[in-house]
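Please read it alongside the sequence.

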Amino acid sequence: MQDNRILLIDDHRLFNDGLKSLLNEQTDLSVCGQVFQASDALPTIQSTSPQLVLLDINLQGTNGIELGKIILTNFPGTRVLMLTMYNQPKLVDEVRRAGLHGYLLKDATTFELLKVIRMVLSGHTYFEVSNSKTVDSAETFEDDFARRLNLTFREIEVISLIREGLNNEEIATRIHLSIQTVKTHRKNIHIKLGITKATDLVRFAVQNGI
């Protein structure tokens with residue numbers, strides 16, 4: 001039986017390790033590598049030649065969708081499946097438009113996960129997310145955490161980059177926004193979270209795994 005090589009790109013180590021164990025139990029699948037930060041993605045793909053990349057949407061501030069596009073540009077024969085906790089139709093549309101090959105929630109059952117992986121490996125795509133509908137691009141994530149705090153995907157991304165120690169100019173460059181837009185996001189984040197200091201924001205990010 002064909003051995004399909006899969007690369008895991010996810011900065012949550014327990015999830016990454018658990019997924020590796022699950023996939024390696026399958027006779028037709030094998031994990032050829034694990035990546036925990038975006039900067040290691042392209043070199044690891046180059047050295048391991050996976051047929052499929054399982055990619056998280058948020059890698060410590062790096063936009064997984066943009067990383068997926070870069071992967072496809074550099075390795076056009078590689079399939080890319082987004083594996084995420086965010087049941088957000090807007091993101092599903094972004095992933096589809098980016099040319100990636102699928103979008104699957106992390107709370108999928110083992111049966112669903114394996115079915116979708118094999119489907120994508122066989123040349124098909126998968127973008128079925130529950131309650132999918134057209135939404136305004138400014139709508140916040142529908143997961144409990146983001147909804148409770150009224151944080152948007154971009155605001156969570158900015159918080160993660162602040163945690164990394166990036167300043168406004170560096171954040172603007174990383175996620176292709178103007179400096180003024182980054183400043184506006186930071187102002188809104190501080191208002192929503194009720195904090196005034198950058199150190200408090202970093203503490204919040206650490207405590208909530210952003």
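Lys20 is part of helix α1, which covers residues 13-24. The model is predicted: local features need pLDDT of at least 70 and side-chain atom pairs count only at pLDDT 80 or more, while totals for chains, interfaces and linings use all residues. Residues are numbered from 1 along each chain as its sequence is written, and side-chain values use heavy atoms, with hydrogens and water left out. Helices (H or I, at least four residues) and strands (E, at least two) are DSSP runs numbered from the N terminus.

The table gives the accessibility of two residues; buried means under 20% relative accessible area, exposed over 50%, and partly exposed in between (1.4 Å probe, protein chains only).

| Residue | Relative accessible area | Class |
|---|---|---|
| Lys20 | 32% | partly exposed |
| Thr84 | 0% | buried |

Not counting residues up to four places away in sequence, Lys20 touches Leu8, Val31 and Gln34; contact means heavy atoms within 4.5 Å. The C-alpha atom of Lys20 is 9.2 Å from that of Cys32, which is 12 residues away along the chain.

Thr84 belongs to strand β6, residues 79-84. Its side chain reaches the backbone nitrogen of Tyr86 at 3.0 Å. With neighbours within four places in sequence left aside, the contacts of Thr84 are Asp56, Ile57, Tyr103, Leu104, Leu105 and Lys106.

Helix α7 spans residues 153-163 and is mostly covered, with nine of its 11 residues buried. Among them are Phe153, Ile156, Val158 and Leu161. Just after α7, Gly165 has a positive phi of about 100°.

Definitions and conventions: A polar contact is a pair of N or O atoms within 3.5 Å; within protein, one must be able to donate a hydrogen and the other to accept it, and residues adjacent in sequence count only if both atoms are side-chain atoms.
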